[in-house]
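Here is a friendly walk through one protein model, meant to be read with the structure open beside you. Please turn it as you go and look for each part in turn.

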Amino acid sequence: MRIGLLGTGPWARMVHAPALSGHGELEFAGVWGRRADAAKELAGRHGTRAYDDVDALLAEVDAVAVALPPDVQADLAVRAARAGCHLLLDKPLAATVSQGRAVVEAAREAQVASVVFFTTRFQTGPASWIASQAGRDGWFTARAEWLGAVFTGDSPFADSPWRREKGALWDVGPHALSVLLPVLGDVRRVSAAAHGPGDTVHVVLDHTGGASSTLTLSLTAPPAAAGAAVELRGTAGVTTLPESSEEAVAAFARAADALLTAARTGRPHLCDAAFGLRVTEILATAESLLAR
């Protein structure tokens, strides 16, 4: 499968390009970016071609991986799907529900496969744990904490305009939801949402499985307090999401494997664009509660 990369930022340089160029079943066919010089530099580093015209790239590949802000990603994903390209997307799927729906509809109409890269879902240990907990009944409650120090440390994402605008809810909230939804079921109701220090938000969810969960999300935590944790409590006792030292490049390569499988079989992956849309809908509901 020939695949192109849309985007040249830190995530594209650190994860997408290395994973695509090192993948045994993919031909890394080219890079397009909003800055032509950055696309040329990244393409040269990985021995592929830089494209000035995104439509020219879409016409010459079977799939695209996207490493761009969510509003830009959504519009280009629609364009790529209509060009017949399978979609390997990043989280969040889109910046608005309407944009997310447009991606899902375009993929459905074009009959192309889609996978959204929720990192934890493609890390071996955490993915196995999620699958195991999803097979159990009797969950009572859960808590998920995703605390980053993006704006207080030396993170390469500190200068990201969309992260500063949308905050932790939209940046790390998708990670928390990607773990909780397959275990506790869909969200029936966003019961509450409140601001904390910095960009921190607290969200309370009511799930179809009968359990409730709480999310604490931040990009402005003190560096010493940063980290992620998920705890489940129910009739089986207490269990926590295992930590993973696996690099994002390896996880992204598995997301690419998932896209290849979905494209070959026609069977949707659990983390497809439709799942990404559901996550977007929950985030948008929480955002509206915070605005009140």
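Tryptophan 32 stands opposite tyrosine 51 in strand S3. The two belong to neighbouring parallel strands, S2 (residues 27–32) and S3, which are joined by 2 bridges. Strands and helices here are DSSP runs numbered from the N terminus, with at least two residues (E) for a strand and at least four (H or I) for a helix; two strands pair if DSSP finds at least two bridges between them.

Before going on, a word on the source: this is a predicted model, where local features need pLDDT of at least 70 and side-chain atom pairs count only at pLDDT 80 or more, while totals for chains, interfaces and linings use all residues. Residues are numbered from 1 along each chain as its sequence is written, and side-chain values use heavy atoms, leaving out hydrogens and water.

**The parallel sheet**

S2 and S3 are part of an open sheet of 6 strands, in the order S3-S2-S1-S4-S5-S6, with parallel pairing. S3 (50–51) and S6 stand at the edges with a single partner strand each, so one side of each has no neighbour in the sheet.

At the S6 end, S5 and S6 pair in the parallel sense over 4 bridges. Aspartate 90 has phenylalanine 117 in S6 as its bridge partner. Both faces of S6 are covered: Ser114 and Val116 on one side, and Val115 and Phe117 on the other, are all buried, where buried means under 20% relative accessible area, exposed over 50%, and partly exposed in between (1.4 Å probe, protein chains only).

**Loops worth a look**

Most residues other than glycine have a negative phi, and most peptide bonds are trans. Glutamine 111 has a positive phi of about 55 degrees although it is not a glycine. This residue is found in the loop between H5 and S6 (114–117). The peptide bond from lysine 91 to proline 92 is cis, with omega near -10 degrees. Proline 92 lies in the loop between S5 (86–90) and helix H5 (97–110).

Glutamine 123 sits in the loop between S6 and helix H6 (124–134). Leaving aside neighbours within four places in sequence, glutamine 123 is in contact with Ser244, Glu246, Ala251 and Arg254.

The structure holds 0 disulfides, a disulfide being a pair of cysteine sulfur atoms within 2.5 Å. Here is how some single residues compare with the accessibility cut-offs:

| Residue | Relative accessible area | Class |
|---|---|---|
| Cysteine 85 | 0% | buried |
| Cysteine 271 | 0% | buried |
| Glutamine 123 | 12% | buried |
| Glutamine 111 | 71% | exposed |

Strand S9 (residues 201–207) is mostly covered, with 5 of its 7 residues buried. Strand S8 (residues 187–195) runs antiparallel to S9, and 7 bridges join them. Alanine 194 stands opposite histidine 202 in S9. The S8 and S9 hairpin has 5 residues between its strands, and glycine 198 in the turn has a positive phi of about 60 degrees.

S9 is also joined to S10 (residues 212–218), by 6 bridges in the antiparallel sense. Serine 212 in S10 is the bridge partner of aspartate 206. This hairpin has 4 residues between its strands, and glycine 210 in the turn has a positive phi of about 105 degrees.

**Helix H7**

How many of the residues of H7 are buried? H7 is mostly covered, with 8 of its 11 residues buried. Among them are Trp162, Arg163, Trp170 and Asp171. The buried residues of H7 pack against H4, helix H8 (173–184), S9, S10 and helix H10 (273–291).

How values were computed:
Contact means heavy atoms within 4.5 Å.
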